[in-house]
Amino acid sequence: MKVRILVSFKDSVLDPQGQTVKNALLTLGYGFVKDVRQGKVFELDLEGVDEAEARRLVPEIASKVLANPIIEKFSWDILP
Amino acid sequence: MKLGVVVFPGSNCDADTLYALGGVLGQEAVYLWHKDHDLKGVDGVVLPGGFAHGDYLRSGAIAKFSPLMREVGEHAARGGLVLGICNGFQVLLELGLLPGAMLRNKNLKFLCQYVTLRVENEKTAFSHLARKGQVLRMPIAHFDGNYYAPPEVLDEIERNGQVVLRYADAQGRLTEEANVNGSLRAIAGLVNKAGNVMGLMPHPERAVEALLGGTDGRVILESMIRGRAR
């Protein structure tokens with residue numbers, strides 16, 4: 001089973017990298033871009049766990065290791 | 001005082017720190033390998049600068065799972081002194097021994113330069129040889145030194161007097177330019193509530209000899225060595 005975890009800054013945290021990307025897009029003429037938030041993507045290939053276990057373990061991995069809950073949030077999906 | 005300098009794969013200020021504590025300040029200083037479960041009977045622990053485990057996930061994020069961190073946590077819980085410098089500060093934040101987190105510097109640049117810092121609390125175990133308001137000059141070298149904590153946490157650490165150092169100009173004034181990395185409340189160094197764990201982004205171990213540009217870093221290291229403020 002493969003899962004994809006998306007980690008990004010909480011809305012309350014400034015994201016200077018996202019801001020820089022946004023400014024670049026505006027400079028290129030994409031004036032309709034209102035905001036950019038940059039994040040990280042992790043794809044985990046899991047072996048020997050069923051979906052119920054994954055629903056317990058993936059958030060544990062994400063909050064303990066992949067994201068720092070003080071500044072980051074995460075979401076995840078099982079990949080088809 | 002017997003001091004231990006923790007070595008992670010990717011630490012690169014460990015030798016400087018050992019030299020500053022041992023060679024310059026005359027203490028018994030030993031390396032502590034991150035994979036051991038042995039503090040070698042030290043009185044104080046220093047987490048040095050560098051890029052522990054490459055900092056690949058986040059600065060300090062993998063280092064917090066190093067075996068020795070269990071002993072460091074227990075040492076801190078017993079009231080033992082722990083000082084985290086630069087990457088060591090980031091590790092202490094990831095470990096939860098200090099509140100908050102680090103974001104990338106506001107200008108997205110790796111900053112390697114001297115900064116001036118204002119002493120906010122001169123009564124801690126790491127600053128009692130300083131005067132309140134004293135301006136210290138030390139180098140910084142980091143990418144992620146933009147201190148962040150939620151507003152209620154910031155208010156709490158201010159109330160508790162946990163902020164030890166702020167980025168300030170040479171006259172000790174807090175200005176936007178002086179706050180080079182964009183840290184909230186210009187925080188450059190802070191202690192935990194109990195006062196026995198400190199983290200700071202500037203490098204005191206690189207400022208212990210006039211030949212190398214200044215000796216202001218001694219204030220922090222010698223405060224730690226000479227014991228707690230009375």
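Of the 230 residues of chain B, 55% count as buried. A residue is buried if 20 or more other C-beta atoms lie within 10 Å of its own, exposed if 12 or fewer, and partly exposed in between; the C-beta atoms are placed from the backbone. This is a predicted model: local features need pLDDT of at least 70, side-chain atom pairs count only at pLDDT 80 or more, and totals for chains, interfaces and linings use all residues. Residues are numbered from 1 along each chain as its sequence is written, while chains are lettered from A and ligands numbered from 1 in the order in which they are written.

Chain B has five helices and 11 strands. Helices (H or I, at least four residues) and strands (E, at least two) are DSSP runs, numbered from the N terminus. The radius of gyration of chain B is 16 Å, close to the 17 Å that the globule rule gives for 230 residues, so chain B is as compact as a globular protein of that length. That radius is taken over C-alpha atoms, and the rule is 2.2 Å times the number of residues to the power 0.38. Along the principal axes, the C-alpha atoms of chain B fill a box of roughly 45 × 35 × 35 Å.

Now look at contacts. Two residues are in contact if their C-beta atoms, placed from the backbone, lie within 7 Å. Among contacts in chain B between residues at least 6 apart in sequence, 76% join residues at least 24 apart.

Next, find β3(B). Both of its faces are covered. Gly44(B) and Val46(B) are buried on one side, and Val45(B) and Leu47(B) on the other. In a regular strand the side chains alternate between the two faces of the sheet. Two strands pair if DSSP finds at least two bridges between them. β1(B) and β3(B) pair in the parallel sense over three bridges; here Gly4(B) has Val45(B) as its bridge partner. β3(B) and β4(B) are also parallel, over four bridges. Gly44(B) stands opposite Leu81(B) in β4(B). The chain crosses from β3(B) through α2(B) to β4(B), and this β-α-β crossover is right-handed. In other words, with the strands pointing away from the viewer, the path from the first strand over the helix to the second runs clockwise.

The loop between β3 and α2 (68-77) of chain B holds His53(B). Its phi is near 55°, a positive value in a residue other than glycine. Most residues other than glycine have a negative phi. His53(B) is buried, with 21 other C-beta atoms within 10 Å. Asp55(B) is found in the loop between β3 and α2 of chain B too, and its phi is also near 55°. Asp55(B) is partly exposed, with 19 other C-beta atoms within 10 Å.

Helix α1 (residues 14-24) of chain B has buried residues, among them Leu18(B) and Leu21(B). The buried residues of this helix pack against several elements of chain B, including β1 (2-7) and α5 (217-225). Just after α1(B), Gly26(B) takes a positive phi of about 70°.

Turn to chain A. Three strands form an open antiparallel sheet in the order β2-β1-β3. β2 and β3 of chain A are the edge strands, each pairing on one side only. β1(A) and β3(A) pair over seven bridges. Val58(A), Ala62(A) and Leu66(A) are the buried residues of helix α2 (residues 51-66) of chain A. They pack against β1 (2-9), β2 (39-45) and β3 (72-78) of chain A.

Finally, the chains meet. The contact takes 10 residues from chain B and seven residues from chain A.
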